[in-house]
Each structure stands twice: as C-alpha cells, then as structure tokens.
Amino acid sequence: METLIRRERWGAKSWRAETKETFPLNGRTAQLEVTTSKNSSGDLATYASIGFVNQPGIVTTAIFADYFKVLEIGKKVRCTDKNVAAQQNRAVARWAEIKERVFEFYAQKELV
C-alpha cells in the first residue's frame, strides 16, 4: 500500500492523492482505492471505492453496484499538497476499518 500525491496535468491542475491495495474478494481480485481531490463543488473530498482487476492494468467498477463511500468532505479548505496529504493520511489511518466495511458490503450482496 503506497500513497501517490501528484498535481493534475489537465483541468484545474489541482492536487490529488491516491492509495491502493489489491486483495482477493469473493474469488476475484479487488482493488481498494482511497482518493482525495477537489470535487465539483470546490471542496476537498476523500472517497473509498472498489474495482475488480480483469487484466493487469485494467480495473472495472460497476456504478451503483460496487462499494463507494464518501469518507470526508473538507469545506472551505484550499486544495494544496499539504491539505490533500493531511486529509488522505486521516483516511488511510482508517484503512483496516474501511476494508472491513468492504467485506461486510460484499458479504451482504452474496446473501441477496
């Protein structure tokens, strides 16, 4: 698990942080990604999402079906590298809790 903090090359050129981990989930290879960036409202937002690895380098997500949660919205916070890193670190500190919720989410989907 490694966090990458970089500046976007297009659009508003704001800062973005990503942390990813790949692990087996229900017989498939899942990738948990926690991302912090400026959202469309101008707030600093941190999200957790799951995608499934189909081939090396190709991860797919089913919208409205796969796990996606808003972890934190930083209101009135500038999108600087320090603010992005701090908010991302707060989310990554909860990594075990997030991963546990992912397993619970998919365990309930199997019951249906």
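Me: What makes the pair Glu 18 and Arg 16 a polar contact?

Reply: Their side chains are joined at 2.9 Å. A polar contact is a pair of N or O atoms within 3.5 Å; within protein, one must be able to donate a hydrogen and the other to accept it, and residues adjacent in sequence count only if both atoms are side-chain atoms. This is a predicted model, where local features need pLDDT of at least 70, side-chain atom pairs count only at pLDDT 80 or more, and totals for chains, interfaces and linings use all residues. Residues are numbered from 1 along each chain as its sequence is written, and side-chain values use heavy atoms, with hydrogens and water left out.

Me: Why is Glu 18 called buried?

Reply: Its relative accessible area is 11%, and buried means under 20%, exposed over 50%, partly exposed in between (1.4 Å probe, protein chains only). Glu 18 is therefore buried.

Me: Which residues does Glu 18 contact, leaving aside its neighbours within four places in sequence?

Reply: Among them are Glu 2, Arg 6, Glu 33 and Gln 88. Contact means heavy atoms within 4.5 Å.

Me: How do you know whether Asp 43 is buried or exposed?

Reply: Asp 43 has 13% relative accessibility, so this residue counts as buried. The side chain of Asp 43 also makes a polar contact with that of Lys 75, at 3.5 Å. Beyond four places in sequence, Asp 43 touches residues including Ser 37, Ile 73 and Gly 74.

Me: How many aromatic pairs are there?

Reply: The count is 5. Rings of Phe, Tyr and Trp (its six-membered ring) pair if their centres lie within 6.5 Å; planes under 30 degrees apart count as stacked, over 60 as edge-to-face and the rest as tilted.

Me: Why is the pair Tyr 47 and Phe 68 called stacked?

Reply: The ring centres are 5.3 Å apart and the planes stand at 25°, so the pair is stacked. The two residues lie 21 residues apart in the chain. Tyr 47 is partly exposed at 22%, and Phe 68 is partly exposed at 48%.

Me: What makes the pair Phe 105 and Tyr 106 edge-to-face?

Reply: Their centres are 5.0 Å apart and their planes are at 85°, so the pair is edge-to-face. Phe 105 counts as partly exposed at 26%, whereas Tyr 106 is buried at 5%.

Me: Which residue has its charged end over the ring of Phe 23?

Reply: Lys 99 does, 4.6 Å from the ring centre. A charge sits over a ring if NZ of Lys or CZ of Arg is within 6 Å of the ring centre and within 35 degrees of the ring normal.

Technical notes. Helices (H or I, at least four residues) and strands (E, at least two) are DSSP runs, numbered from the N terminus.
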